[in-house]
Amino acid sequence: MANVSVAAEWQLLYNRYYRKPELYPMRWKHMDLSRNKVACAPFGGPIAVIRDDSKIVQLYSESALRKLRIFTSSGALISETVWKHPGGRLIGMSWTEDQTLICIVQDGTVYRYNVHAELIEPNVSLGKECFEQNVVECMFWGNGVVCLTEGGLLFGIPDFKVMSPCQLAETGAEDLPNCMAVIEPKYTVSGNVEVLVGVGDGILIVDEDGVQRVEGEAVQGPVQKMVVSWDGKYLAIFTHDGRILVTDINFKGVLLEYNCESALPPEQLAWCGLDSVLLYWDDTPLLMVGPRGDPVHYFHDEPLVLIPECDGVRILSNTSMESLQRVPDSTVSIFKIGSTSPAALLYDALDHFDRRSAKADENLRLIRSSLPEAVEACIDAAGHEFDVSRQRTLLRAASYGQAFCSNFQRDRIQEMCKTLRVLNAVRDPEIGIPLSINQYKLLTPSVLIARLINAHRHLLALRISEYLGMNQEVVIMHWACSKITASLAIPDATLLEILLDKLRLCRGISYAAVAAHADKNGRRKLAAMLVEHEPRSSKQVPLLLSIGEEDTALMKATESGDTDLVYLVLFHIWQKRPPLEFFGMIQARPLPRDLFISYARCYKHEFLKDFFLSTGQLQEVAYLLWKESWELGKNPMATKGSPLHGPRIKLIEKAQHLFSETKEHTFESKAAEEHAKLLRIQHELEVSTKQAIFVDSSISDTIRTCIVLGNHRAAMKVKTEFKVSEKRWYWLKVFALATIRDWDALEKFSKEKRPPIGYRPFVEACVDADEKGEALKYIPKLADPRERAEAYARIGMAKEAADAASQAKDGELLGRLKLTFAQNAAASSLFDTLRDRLSFQGVS
Amino acid sequence: MAQIPNLDNSPLNLKSLSREQSQRDLVKILKDIRGKKCLVIEPKLGGSLSLIIQTSLLKEYGIELRHLSAEPVQTDCTKVVYLVPSQRDLMKFISSHVHNDISKGLQREYYIYFVPRREIQCEKILEEENVHHLMTIGEYPLYVVPLDEDVLSFELDLAYKECQVDGDTGSLWQIAKAIHKLESSFGVIPNLRAKGKASVLVADILNRMQTEEPVSSSDMAVPEINTLILIDREVDMVTPMCSQLTYEGLVDEFLRINNGSVELDSSVMGVQQEGKKMKVPLNSSDKLFKEIRDLNFEVVVQVLRQKATSMKQDYTEMTTTNQTVSELKDFVKKLNSLPEMTRHINLAQHLSKFTSKPSFLAKLDMEHTIVEASSYDICFEYIEEMIQKQEPLINVLRILILFSVTNSGLPKKHFDYLRRELLHSYGFEHMATLNNLEKAGLFKKQESKSNWLTVKRALQLVVEDTDTANPNDIAYVFSGYAPLSIRLVQHAVRSGWRPMEEILKLLPGPHTETKRGSLCEQSII
């Protein structure tokens with residue numbers, strides 16, 4: 001029976017089963033791991049191999065130069081490169097979380113490679129002390145490293161993304177440590193990396209700030225090897241007297257103790273999941289120790305490399321890759337010899353069903369009540385299976401059972417199929433990523449896709465992301481950039497077509513980013529063609545500038561309507577080009593030109609003048625000069641003392657001259673001329689009156705001020721000088737006289753001659769000054785009865801107002817007057833009778 | 001009563017989607033800068049913010065509040081946070097502050113948050129002033145401020161000048177962005193009608209934004225806004241030049257409403273405190289104001305009188321006859337509205353001082369004469385006299401613009417004559433004012449025959465016999481003149497542009513009408 005053969009391969013450790021299926025026969029040839037330094041990335045990642053220069057090995061027919069080779073987990077070569085770095089021996093080599101290979105040599109230099117064995121610049125040094133003292137040991141974790149120098153100092157890079165080295169506290173111990181282990185920053189209380197150092201008779205905890213000695217029953221005597229579990233909660237210790245201990249990370253209690261009968265520490269010590277610890281010596285069987293029961297021995301005839309994973313250990317040998325893991329409960333319940341669990345019966349039922357045996361139905365009847373859990377167990381077990389045919393059988397069993405379940409979550413099987421399809425795809429020896437389902441869930445699909453595209457498996461990545469309904473932008477973007485880098489020989493136009501064909505697959509993808517990459521690779525023309533397809537101007541324009549397409553950038557920015565982008569282009573060109581060229585570029589483009597003028601008006605006055613001169617807009621220069629003259633006037637330094645009036649007048653005269661250059665600006669020219677003249681006259685007036693009250697007032701104000709001061713001659717002079725009309729003159733003089741309440745002079749003025757605009761100014765001035773008596777002198781002289789009526793009304797003479805209004809025969813006016821007198825009831829009725837009479841008249 | 005309007009009755013969820021979002025954004029900015037800090041706000045922006053968040057709330061985040069001016073900031077805080085609109089001239093203030101601190105040996109951390117977004121032209125000036133590297137620069141994306149439950153403001157008070165005079169259309173991008181942001185809350189607006197050069201440009205930019213960063217219409221079943229109508233101010237310069245005659249309009253004309261409140265002497269409100277100013281909020285949270293704000297002022301006086309009389313009647317009944325408890329309760333309820341009544345009676349009384357002046361009535365008369373385009377000469381002489389009497393320039397310019405716009409400019413002789421009179425009366429520095437007005441087309445030389453009469457007739461802008469108490473036409477707001485822009489909106493809502501293309505062609509700028517949203521999007525895919 002098939003069931004028996006499955007379980008036959010299992011090993012029992014106390015009450016738990018372990019299995020060690022082969023994942024791949026290694027595809028590499030003539031590999032001897034014992035001659036090499038090997039770095040294997042977890043989560044089924046790549047394997048880096050380089051000849052170990054700390055060992056004396058015999059060279060076969062190979063170059064004396066060492067080669068760094070990178071393989072997939074199935075042993076297929078991804079890339080290789082010759083190792084020629086100075087700096088002494090290679091001490092440590094490990095993969096980071098984002099699959100960068102970190103190599104640390106004796107002098108503390110850190111070299112980084114991607115999976116394509118391309119060196120990532122720049123190289124980083126761990127510092128002067130490392131350089132002088134030499135690095136002797138490196139302890140890596142997913143995202144950092146701690147190094148030990150010959151002098152016993154500890155240095156670290158806490159984050160490979162930042163790559164800034166730091167020194168940890170000095171231990172003060174005289175001897176070099178026996179062993180070390182690292183607790184990742186994410187598992188420590190402080191958030192900084194902590195190093196466990198086995199030195200002398202005990203263990204020290206070292207971090208950036210200090211050293212602390214560990215107390216606990218697990219630490220009695222020197223420690224030879226330590227390793228922290230992947231969740232940072234437990235520590236496995238190999239003691240000087242050959243015992244293996246497992247303790248809680250805070251050294252509280254001993255969870256496991258086993259005497260190995262060998263004082264020689266194991267070469268490799270690794271956690272297998274969280275349930276057991278593996279010890280490897282190259283001359284004895286691999287030892288697996290659990291908390292209880294007898295340990296398990298695995299025989300091997302080749303050197304091994306243990307690769308700890310979150311749910312087990314992968315075991316790499318010269319010829320194969322195996323996975324050692326605890327058998328999941330669901331699998332045990334189905335395949336355990338003699339199992340009568342519902343899941344096992346369901347699995348058996350399928351077998352009967354396939355063989356058309358009636359026993360199938362019998363089985364089903366037996367487990368009817370617990371069918372859902374049986375189905376669930378089959379699905380779960382399928383997930384943990386590497387063997388595709390067994391996955392299929394288990395899923396068929398689940399599906400068969402599900403047909404008899406009424407209330408089972410239907411999409412569970414579908415979901416598992418989806419997951420398994422992805423897993424099987426990446427497990428293919430061609431791809432060589434042997435992820436278990438637990439690892440896959442921990443890693444997340446998006447990281448898996450990122451790893452695939454890093455390994456240039458774009459098609460698979462695209463298919464997976466499409467299959468899982470994820471955004472394909474990342475994949476296509478990376479593909480496009482890689483394609484550009486790799487296609488130096490393809491002409492721009494052809495490459496553009498190839499790229500566009502794929503970029504179109506993804507809406508909203510940033511063409512600008514691809515174009516930027518093309519530009520970085522020295523393909524400016526291709527970049528220009530690509531950026532043409534970018535719909536977002538805010539991304540397009542800066543790129544156009546960086547590839548020198550200034551004209552297009554200016555055009556695109558203008559089209560976008562975003563003035564900020566136009567300014568970006570303007571400032572760029574302004575800085576790069578000589579002024580005349582710059583002026584030429586913007587002159588014919590209204591928006592950039594106006595924006596430039598608007599900015600320069602505020603901040604670059606002189607430069608703006610140059611612009612207007614170069615474009616022949618002399619009147620604009622004139623306006624600028626005129627404005628400057630006003631600013632001189634506003635300047636507090638210039639208000640007192642006349643010497644500054646000189647330059648002001650000169651500026652205005654210059655402006656006047658420029659205005660007169662064109663026919664269309666005669667008015668402005670005349671006005672500037674008058675302004676200059678006015679300033680001169682005002683200046684003279686200030687000198688003669690010794691009062692600084694004239695400059696910068698208007699012509700009308702100047703006249704008023706003269707009259708108020710009693711200087712009628714000067715007022716007259718200003719009037720004739722500027723050809724002030726009689727009308728305006730009358731208004732000004734009347735108001736000025738009213739201001740100083742010189743009613744006699746006002747009356748005299750009214751009699752000088754018949755006023756050109758009648759007596760209204762006189763009435764208004766008196767009414768405004770609240771001089772009824774004076775007003776009455778002029779009201780009767782008003783020619784228009786309506787005006788008379790209103791004037792009477794304003795000084796509160798209702799009867800006279802009414803009379804005048806009725807004379808004017810204006811009903812509307814009467815109504816309005818009534819409103820004015822609304823408070824006064826008597827007056828109001830007066831208007832009512834008048835209006836009635838008026839309307840009556842209107843009818844007749 | 002709060003100045004921040006109550007938005008509970010708003011037709012859109014402005015409260016949480018617009019105002020509360022803005023509050024959160026601001027609080028986040030302030031929280032992210034740790035410790036005590038001095039917040040320097042540009043005064044105009046401070047006004048807008050008072051409609052978003054109460055200043056007392058800001059103090060909770062350890063903030064000293066200052067207004068931005070040319071004067072250096074006086075504070076003990078080592079962190080200075082500037083919250084300013086992206087305007088070039090303000091950069092000079094800020095850099096002079098920094099230089100001043102440096103010369104005094106003060107070491108401070110500076111933060112600038114630009115509203116609504118950072119702009120290169122401002123940063124360039126900071127660079128040129130050599131302070132850019134000392135600044136931490138961010139942005140506060142405040143694109144719209146809800147003024148009331150049915151009014152949103154972009155707070156772009158310089159936009160018209162920038163567009164018409166300087167040719168700087170930056171504000172149009174901001175408007176488009178603001179609408180785009182609204183669409184992300186309320187769905188893509190399916191109908192878009194635009195009239196005028198700037199409006200069509202805004203529509204273009206808006207559609208561009210929609211293709212660049214589409215608002216996903218899938219999660220919104222039905223867009224909450226049905227139609228977007230964009231009209232250039234340029235299309236209707238007549239209306240803003242006329243004196244407003246509604247209650248709210250008059251308050252604004254004589255006392256100026258800023259950020260939903262009016263500031264006046266406390267004596268107006270019957271509080272006897274010499275020279276003390278007080279702020280009166282004016283928004284729909286005030287029920288009485290909501291009822292009377294849009295009524296013609298004449299009617300408002302009547303309404304208030306009626307209310308006062310009925311209140312008095314109730315009171316006498318209350319004191320003379322026996323009342324049941326429920327009647328008492330009703331009365332007390334009515335009493336609650338007493339403060340609102342007193343407030344508006346006081347305001348109305350104050351306003352009537354202005355409205356009863358003969359000069360005000362004469363001005364209204366003149367405005368009507370101009371709008372009716374009945375007598376060119378009378379209007380011309382009236383304006384000439386205003387200038388010669390040196391009446392406040394702003395009044396003169398308003399009526400002058402009204403005159404020029406309805407006549408599509410003045411004959412060269414009159415144009416030059418009035419310009420000369422203006423310069424003589426108000427000073428030659430106003431040459432720049434005149435130049436700007438000419439650039440904006442507000443006061444210019446006549447080059448073609450005016451089509452105002454045709455427009456006026458076609459859109460029935462002048463309506464005789466409007467019943468201001470029970471109006472059936474919008475013309476009541478100006479006692480006989482129906483605002484041109486309102487007429488356009490009425491047509492746009494009723495029938496769209498198509499039936500009125502002939503009239504639209506008479507007004508400046510192009511017009512467009514587009515259907516947008518999910519339907520179009522699908523056809524693209």
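In which hand does H7(B) pass H8(B)? The crossing is right-handed. That is one detail of a predicted model, and this walk through the structure starts from there.

Take the two helices themselves. H7 of chain B covers residues 170-186, and H8 of chain B covers residues 197-212. Their axes come within 9 Å and cross at roughly 50°. Angles of 65 to 115 degrees would count as roughly perpendicular, and angles under 35 degrees as roughly parallel. H7(B) and H8(B) are therefore oblique to each other.

Which residues of the two helices meet? From H7(B) come Leu172(B), Trp173(B), Ile175(B), Ala176(B), Lys177(B), Ile179(B), His180(B) and Glu183(B). They face Ala198(B), Leu201(B), Val202(B), Ile205(B), Leu206(B), Met209(B) and Gln210(B) of H8(B). By class, this contact of H7(B) with H8(B) has 11 nonpolar residues, 2 polar ones and 2 charged ones.

Chain B holds another helix pair to set beside this one. Helix H15 of chain B runs over residues 358-372, and helix H16 of chain B over residues 376-388. They pack at an angle of about 140°, and their axes are 9 Å apart. An angle has to be over 145 degrees to count as roughly antiparallel. H15(B) is therefore oblique to H16(B). The crossing of H15(B) and H16(B) is left-handed. On the H15(B) side, the contact is made by Ala362(B), Lys363(B), Met366(B), Thr369(B) and Ile370(B). On the H16(B) side, Ile378(B), Cys379(B) and Tyr382(B) take part. The residues of this contact of H15(B) with H16(B) divide into 6 nonpolar, 1 polar and 1 charged.

Now step back to the whole of chain B. How is chain B divided into domains? Domain 1 spans 14-143. Domain 2 is made of two stretches, 156-236 and 483-513. Domain 3 covers 247-356, and domain 4 covers 359-440. The centres of domain 2 and domain 3 of chain B, taken over C-alpha atoms, are separated by 37 Å.

Lys36(B) sits in the loop between helix H1 (14-32) and strand S1 (37-41) of chain B. Is Lys36(B) buried or exposed? Lys36(B) is exposed, because its relative accessible area is 56% and the cut-off for exposed is over 50%. Beyond its neighbours within four places in sequence, Lys36(B) is in contact with Gly62(B), Glu64(B), Cys77(B) and Lys79(B). Met341(B) is 305 residues from Lys36(B) along the chain, and 44 Å separate their C-alpha atoms.

Glu123(B) gives a contrast. This residue lies in helix H5 of chain B, residues 120-128. Glu123(B) counts as buried because its relative accessibility is 11%, and buried means under 20%. Not counting residues up to four places away in sequence, Glu123(B) touches Phe114(B), Arg118(B), His132(B) and Ile137(B). The loop between strand S4 (109-115) and H5 of chain B holds Pro116(B). The peptide bond from Val115(B) to Pro116(B) is cis, with omega near -5°.

Chain A has a cis peptide bond too. This one joins Glu121(A) and Pro122(A), and omega is about -10°. Pro122(A) lies in the loop between strand S10 (109-113) and strand S11 (124-125) of chain A.

Backbone angles pick out two further residues. What is the phi of His30(A)? Its value is near 50°, which is positive in a residue other than glycine. His30(A) is in the loop between strand S3 (22-25) and strand S4 (36-40) of chain A. With a relative accessible area of 81%, His30(A) is exposed. In chain B, Gln460(B) is not glycine either, and its phi is a positive value near 50°. Gln460(B) is placed in the loop between helix H20 (452-458) and helix H21 (484-494) of chain B. Gln460(B) is exposed, with a relative accessible area of 55%.

The walk ends in a strand of chain A. Val228(A) belongs to strand S20, residues 223-228. Val228(A) is buried, with a relative accessible area of 15%. What does Val228(A) touch, not counting residues up to four places away in sequence? Its contacts are Ala181(A), Val182(A), Ile183(A), Leu196(A), Tyr234(A), Leu235(A), Ile249(A) and Trp271(A). Leu269(A) is 41 residues from Val228(A) along the chain, and their C-alpha atoms are separated by 10.0 Å.

Technical notes: Residues are numbered from 1 along each chain as its sequence is written. Chains are lettered from A and ligands numbered from 1 in the order in which they are written. This is a predicted model: local features need pLDDT of at least 70, side-chain atom pairs count only at pLDDT 80 or more; totals for chains, interfaces and linings use all residues. Side-chain values use heavy atoms; hydrogens and water are left out. Axes are lines fitted to C-alpha atoms, for helices over the stretch in contact, and angles run from 0 to 180 degrees between N-to-C directions. Helices (H or I, at least four residues) and strands (E, at least two) are DSSP runs, numbered from the N terminus. A crossing is left-handed if the near helix is turned anticlockwise from the far one by less than a right angle, and right-handed if clockwise. Contact means heavy atoms within 4.5 Å. Ala, Val, Leu, Ile, Met, Phe, Trp, Tyr, Cys and Pro count as nonpolar, Asp, Glu, Lys and Arg as charged, and the others, Gly among them, as polar. Domain bounds come from an automatic or database domain assignment. Buried means under 20% relative accessible area, exposed over 50%, partly exposed in between (1.4 Å probe, protein chains only).
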